[in-house]
Amino acid sequence: MIQYCKDEELLPYVLYDLNYSDKYGKRYVQAYCNQYRDQLFTFKIDRIKDIKPIWVKAKSNDVVSISGIYVFACAGDNHILFEIHRLEKGEKLWKYFEGEFEHCNDWVEVSPVAYYYLPEYEPNSSEWESCSLTEMDPEHLKVIAYSNDGNIGYMLLESDCVIGCYDKNLTEGISENDFLSENTFPMY
């Protein structure tokens, strides 16, 4: 994500396929922006005020510095796959990928490449937005927080399919009425 100063207003953009500008050269970058899928934008480099990576490289010896929900982009058989886990401060980042939790995707051991951190759901949190399944963008990963018998659970969706879930007390029968909020972010 970059924060860009345009007309004295600081605007955040999540960008894809970032490259130097074909038209203006190396003092400008061009990229696609998440809000406008097919439109190519050009940004003057000296007006970019801040750059924050969305995905963070996952290192096997890292320890989690903050408790919360972690979405992992993992190397699988011949593609990137995604998993969702809850980790406590002080736990190993790779906890669910080694030892008793080690697992495979076809013939290859799954190993995390990068992760995306989310704080746990809190009402009125700026990290979470109201959820509307009819308006969801199928081209992005989404984590949906839901209430299940008073417990908060999390579903990871890709292309409108549930591909992962974290729920302390997993039970069947979750309906759209149980959904609280969502967080959308770009694929790795």
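Student: What conventions apply here?

Tutor: Residues are numbered from 1 along each chain as its sequence is written, and side-chain values use heavy atoms, with hydrogens and water left out. The model is predicted: local features need pLDDT of at least 70, side-chain atom pairs count only at pLDDT 80 or more, and totals for chains, interfaces and linings use all residues.

Student: Which strand holds Arg 86?

Tutor: Strands are DSSP runs of E of at least two residues, and helices runs of H or I of at least four, numbered from the N terminus. Arg 86 lies in strand S9 (residues 80–87); the protein has 17 strands and zero helices.

Student: Where does S9 sit in its sheet?

Tutor: Two strands pair if DSSP finds at least two bridges between them. The open sheet has four strands in the order S7-S12-S8-S9, paired antiparallel. S9 and strand S7 (56–57) are its edge strands, each pairing on one side only. Eight bridges link S9 to strand S8 (residues 68–75), and Arg 86 is the bridge partner of Ile 69.

Student: Is Arg 86 buried or exposed?

Tutor: Buried means under 20% relative accessible area, exposed over 50%, and partly exposed in between (1.4 Å probe, protein chains only). Arg 86 counts as buried because its relative accessibility is 11%.

Student: Which side chains make polar contacts with the side chain of Arg 86?

Tutor: A polar contact is a pair of N or O atoms within 3.5 Å; within protein, one must be able to donate a hydrogen and the other to accept it, and residues adjacent in sequence count only if both atoms are side-chain atoms. The partners include the side chains of Glu 88, at 2.4 Å, and Glu 120, at 2.3 Å.
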